[in-house]
Amino acid sequence: MSSTMKFIIGGVVVVAVIGILIATSFSGSTSDYLTIAEVIALEPDQARDSRVAGEIVPNSIEWSTRDLHLTFTIEDETGTLPISYHGPQPDMLVDAVEAVVVGKYDPAAQAFEAEELLMKCPSKYEEEE
Amino acid sequence: MVLADIGYGVLLLTLAAAAWATVAAVFGAWKRRPELVASARSALLVTAGLSTLSAILLLILLFSHAFEVRYVYEHVATFLKPAYVLAAFWAGLEGSQLLWLWMLAVFTGMLVWRKPTWDRELRPWAMAALALTQAFFAFLLIMLTNPYELLPSVPAEGVSLNPLLQNFWMIIHPPIIFAAYALWTIPAAYAFAALVTGRLDAGWLRGTRRWTLAAWASLGIGILVGAWWAYLELGWGGYWGWDPVENSSLIPFLVGTAFVHSAIIQDRRDMFRAWNVFLATLTFVLTIFATFVTRSGLIQSVHAFAQSPIGYYYLGYMLLVLAATIGLMLARRRDLQGEGQLGDLLSREFIFLITNLLLLGSAAAVLLGTLWPTFTEAVRGVASSLGPENYNRFMGPLGLLLVLLIGICPLIDWRKISSQQLLKSMWIQVVVAVITAVLLIVFGVREMWAVVSFAVTAFVATTIVLQLAQGIMARMRAANENVLKATAQAVANNRRRYGGQIIHFSILLIVIGITGSQAYQSEVQVALATGETVDVGGYTLAYEDYTFQQVEEDGNKALNEAVLDVYRGDRKVTTIRPQRNLHSSVQGAVTEVALRSNLKEDLYVVLASLEADGLAAFQVLINPMVIWLWIGGIVLIFGTLIAGWPPRKRGR
């Protein structure tokens, strides 16, 4: 076998291995962007996290320093969603700001248990990272 | 205002000079008219001067609080500290575009200042590519991102700089990144010149090697500095979140790393000619991809980027550059055939090929991940986002394989090596790696991937040390020198090799930092009243005192601070002051993390909230070995300086 052929076959094998690795990494544990109505309608046994974006309803933010527990409500065109989060308040959490929450909806509590909160920067600042 | 008008006028002149330089360089090279090429060179020295003037004018406007200029109004205020006024220069789109043009013009000026030597034929075409890119940036500044734009009326006070950007590392991070982006233009311009002239031997690679090294190292350091800023300022305890903004600087770094390595193959073995031309161009294209991605609204990011049509101009320029390169490559396909013959599969050439594929594969995967929400929305109607664990799942194994190859590659000869020879030359490394793994398991490390990562690191470190020792001992024997002299001489005589080894060693330090901090982060969230203590990972934190809503910066900042004494056993080690401040320029509180670092771990404390009576909530993290990332960065700079230091004049 010529060495060019060997290189091509070797290269193809390496590329295939990389491709399979990437493909498997992209499946599972991704989170879908859903509207509030969609996340509430989700089957409860859905194991994956969802991402929901919505505006924080004014005067809905409640924070307990004792338990580091944060609750607030977000709304979009499809409805409103109470959010529950354990952990430090994110920076720039204020009324009427657009928030993205990542987590699961709990039908029993009728609230969204967030694992991650992301605030869209409310001012006209552009982040230049 | 006069200064702002002058600034805009200077931009117009810059565009005119850059456009003339492009035309003159092309016709001068094409029609062999040296006086036109000389005119293009003068024009490029003029753009370097003019863009420096633009930058100085913007700085004057910022420091004199000329709030009638929109950019000044939006980014500074009278109460902003002077150091952060400097940061305001590159805090917004307009200023960062000007910074980019300025860097590019200055580096181009440095390049053309010297008379051409090896690049007599290539220089005019490279100048044309650089001038066109400058003209592109100047055009965008004039049409879309004019930093000197005036407001209809003069506001009394400015908005001030986003508090998140008020950090020392944010003063230096953007200039390093944009310097890197500007530097990557130079190898790409020479790749274009090599294609046009057909001089596709390794000459263009050798001639631009130091520019490429500077570009590569600046980009790596810029990414590390950005990570350090995120770690200190964003307050979530991590330094890398796989955000689209972070990814978009990592992608050109990975492709650029592939280019740096495949350039070595062409230099030594005259292979991969087409590959190198393409990679140099692709790295440059990917540096402008970042701006396209973040400004086009194509991807969803937590960073609320102002959408701007500028993204589509970038897309247009990217496509133009890629189309021109691919077209020229097709036209030059005969000249792109190298002389080198492929060796065996067990050869250094093949290891370099795998390295390239791994780097490009990971770059492609990060790119795909960044665009994943856009793709999934187009394909199935629901946008899906990857989490950090998705990225870690491919980047972990690919990264470790790459690191392992650093340790194997020097053991393998060009062309061919037998597997017995290879095994014979690496048994020491294997033994060291196995001992490392066993020791880690004995001492209670249970995360298998961390054990593998440290074992691979030990393997590679052993190779580097053995290679260095062999070089030094050979010299000691041959020249009868002592250890120190032999080391200095060995390094001095082969800077490229030893500089490269030091850079590889710095990568190992970074891998150690990443592995340690990923595997062993521990966290406690607690509410304390003054006088109470909490134990975290061997530290005792005593909450001593607090400051509640102390007014600063002329009423534009309310400082909330907790004072904690940190004990190890009974010994007080330090006092830390995490803050959570309010600023008039943004709504909501902004966290200032308190940090205590040592070689083993970082104690990282976030003030989660503070009430008027002093009740405070804290998030306390122990992040092991993070400091090795930054130490690795310093070693990387050192290695790059050795690798790129000009050789003693000896008429090579």
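I begin with a definition: a residue is called buried under 20% relative accessible area, exposed over 50%, and partly exposed in between, with a 1.4 Å probe and protein chains only. By that rule, B:Glu481 is buried, because its relative accessible area is 14%. This residue sits in the loop between α16 (448-479) and α17 (483-493) of chain B; helices here are DSSP runs of H or I with at least four residues, strands are runs of E with at least two, and both are numbered from the N terminus. Apart from neighbours within four places in sequence, B:Glu481 is in contact with B:Arg475, B:Met476, B:Ala486 and B:Gln489, where contact means heavy atoms within 4.5 Å.

A word on the source: this is a predicted model, in which local features need pLDDT of at least 70 and side-chain atom pairs count only at pLDDT 80 or more, while totals for chains, interfaces and linings use all residues. Residues are numbered from 1 along each chain as its sequence is written, chains are lettered from A and ligands numbered from 1 in the order in which they are written, and side-chain values use heavy atoms, without hydrogens and water.

I turn to salt bridges. The term denotes a side-chain nitrogen of Lys or Arg within 4 Å of a carboxyl oxygen of Asp or Glu, and over all chains the count is 20. Which residue of chain A pairs with B:Arg580? The partner is A:Asp91, with the closest N and O atoms 4.0 Å apart. B:Arg580 belongs to strand β7 (residues 579-583) of chain B and A:Asp91 to the loop between β5 (79-86) and β6 (98-106) of chain A, so this pair joins two chains. B:Arg580 is buried, at a relative accessible area of 8%, and A:Asp91 is buried at 14%.

Within chain B, B:Arg123 and B:Asp119 form a salt bridge at 2.8 Å, N to O, and both residues are buried. B:Arg332 and B:Asp335 are likewise joined by a salt bridge, at 3.3 Å from N to O. Here B:Arg332 is partly exposed, with 25% relative accessible area, and B:Asp335 is partly exposed, with 28%. Elsewhere, salt bridges with shared partners link B:Arg70, B:Glu74 and B:Glu149 into one network.

Finally, chain A as a whole. Its secondary structure consists of two helices and seven strands, in the order α-β-α-β-β-β-β-β-β from the N terminus. Of the 129 residues in chain A, 46% are buried.
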